[in-house]
Amino acid sequence: MRTHLDCFPCFLKQTLIAVRLGTRDGSLQANVIKGVLDEIKATDMSQPPAYSTTFLHRKIRQLLGKDPFKEIKSEYNLIALGLYPELKKKVENSKDPLWTAARLAIAGNVIDFGIFTSVDIIGTIERALHNPLTVDAYAAFKDAADKSPEMLYLLDNAGEIVFDRLLIEVLTGMGKKVTAVVKGEPVLNDSTMEDAREIGLADVCEIVDNGSDGIGTILEFTSPEFNRIFENAGFVISKGQGNFETLWDTGHAGGKEIFFLLQSKCDVVSRELGVSQGSMLLMKA
């Protein structure tokens with residue numbers, strides 16, 4: 001995927017969301033917005049949007065002197081944990097727990113404060129469980145999960161990680177070895193090792209960090225250790241739009257079965273896929 005002209009307003013919107021979360025000082029907010037303009041000017045249109053926003057958010061954190069998403073990440077981890085017992089029952093009582101957990105994992109992808117300022121979690125859960133997906137490769141996903149003894153799970157956002165835990169618990173219950181991947185450093189509201197521990201995922205599966213603060217999975221920025229893990233993975237579950245942007249149609253899928261579980265949250269990605277904005281997707285690379 002490549003950056004489009006329509007991405008530029010979103011770059012500024014992301015900056016505005018971050019500065020409002022990071023400080024109430026109007027003067028500092030304005031300085032940060034002005035301070036990221038050079039990063040926006042330097043956008044490489046041949047790269048995915050997530051490539052450029054990686055540099056953008058590094059600059060935002062530098063100018064603010066903090067991670068502006070730290071508090072809201074913890075807040076939504078707690079909100080999602082509050083929903084976990086009821087959602088766990090839904091999975092356990094389902095005729096097909098893998099199907100239900102996969103749908104819930106896609107629902108959880110709505111928790112994205114790089115794009116949204118508020119989210120309807122309950123409504124999104126209902127939509128995921130009762131409406132058809134716009135792209136639904138579940139049959140292929142189930143077949144691959146049944147056949148694969150090991151899988152790599154690329155996590156996306158805090159809060160959402162609780163929904164991922166439900167799917168990972170089903171997979172480990174099927175006897176699968178799951179390695180979950182978090183970011184090496186804070187960026188946006190993406191999950192880090194701290195989030196994985198906070199929601200109890202460390203008790204469910206192995207967790208590794210990718211050594212990077214890149215948005216999505218940018219193998220140019222991730223650590224050699226993670227790159228070896230990724231190269232050797234045969235079955236990959238890729239959560240969220242950032243991972244989609246950086247792994248879809250990039251040539252990195254060679255020899256792998258990669259499944260993308262996400263919601264299409266912006267016009268650019270929606271047009272790229274030929275779907276309406278807000279579509280829920282389970283796609284195979």
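Which residues lie nearest the centre of the largest pocket?

**View 1. The largest pocket and its lining.** Of the 27 residues that line the largest pocket, Cys10, Gln14, Ile115, Gln241 and Cys266 lie nearest its centre; a pocket here is an open set of points on a 1 Å grid over the protein atoms alone, where a 1.4 Å probe fits, with protein on both sides within 12 Å along at least five of seven lines, and lining residues have an atom within 4 Å of a point. Two or more lining residues come from each of helix H1 (7–22), helix H4 (49–64), helix H12 (240–247) and helix H13 (267–273), and H1 gives the most, with five residues. The volume of the largest pocket is about 440 Å³, taken as the space filled by probe spheres set on the points, which are joined across faces, edges and corners. The model is predicted, and local features need pLDDT of at least 70, side-chain atom pairs count only at pLDDT 80 or more, and totals for chains, interfaces and linings use all residues. Residues are numbered from 1 along each chain as its sequence is written, and side-chain values use heavy atoms, with hydrogens and water left out.

View 2. Seven strands form an open sheet with mixed pairing, in the order S1-S7-S6-S5-S2-S3-S4; helices (H or I, at least four residues) and strands (E, at least two) are DSSP runs numbered from the N terminus, and two strands pair if DSSP finds at least two bridges between them. Strand S1 (135–136) and strand S4 (206–209) are the edge strands, each pairing on one side only. Helix H11 (residues 224–232) packs on the sheet, touching S2, strand S3 (177–182), S4, S5 and strand S6 (257–263), where contact means heavy atoms within 4.5 Å.

**View 3. Strand S5 between its neighbours.** Strand S5 (residues 235–239) pairs in the parallel sense with strand S2 (residues 150–154) over three bridges, and Leu154 stands opposite Ser238. Five bridges join S5 to S6, also running parallel, and Val236 has Ile258 as its bridge partner in S6. Both faces of S5 are covered, with Phe235, Ile237 and Lys239 buried on one side and Val236 and Ser238 buried on the other; buried means under 20% relative accessible area, exposed over 50% and partly exposed in between, with a 1.4 Å probe and protein chains only.

**View 4. Thr179 in strand S3.** Thr179 lies in strand S3 and, at 9% relative accessibility, counts as buried. Leaving aside residues up to four places away in sequence, Thr179 touches Met151, Leu152, Tyr153, Glu206 and Val208.

Note on methods:
Axes are lines fitted to C-alpha atoms, for helices over the stretch in contact, and angles run from 0 to 180 degrees between N-to-C directions.
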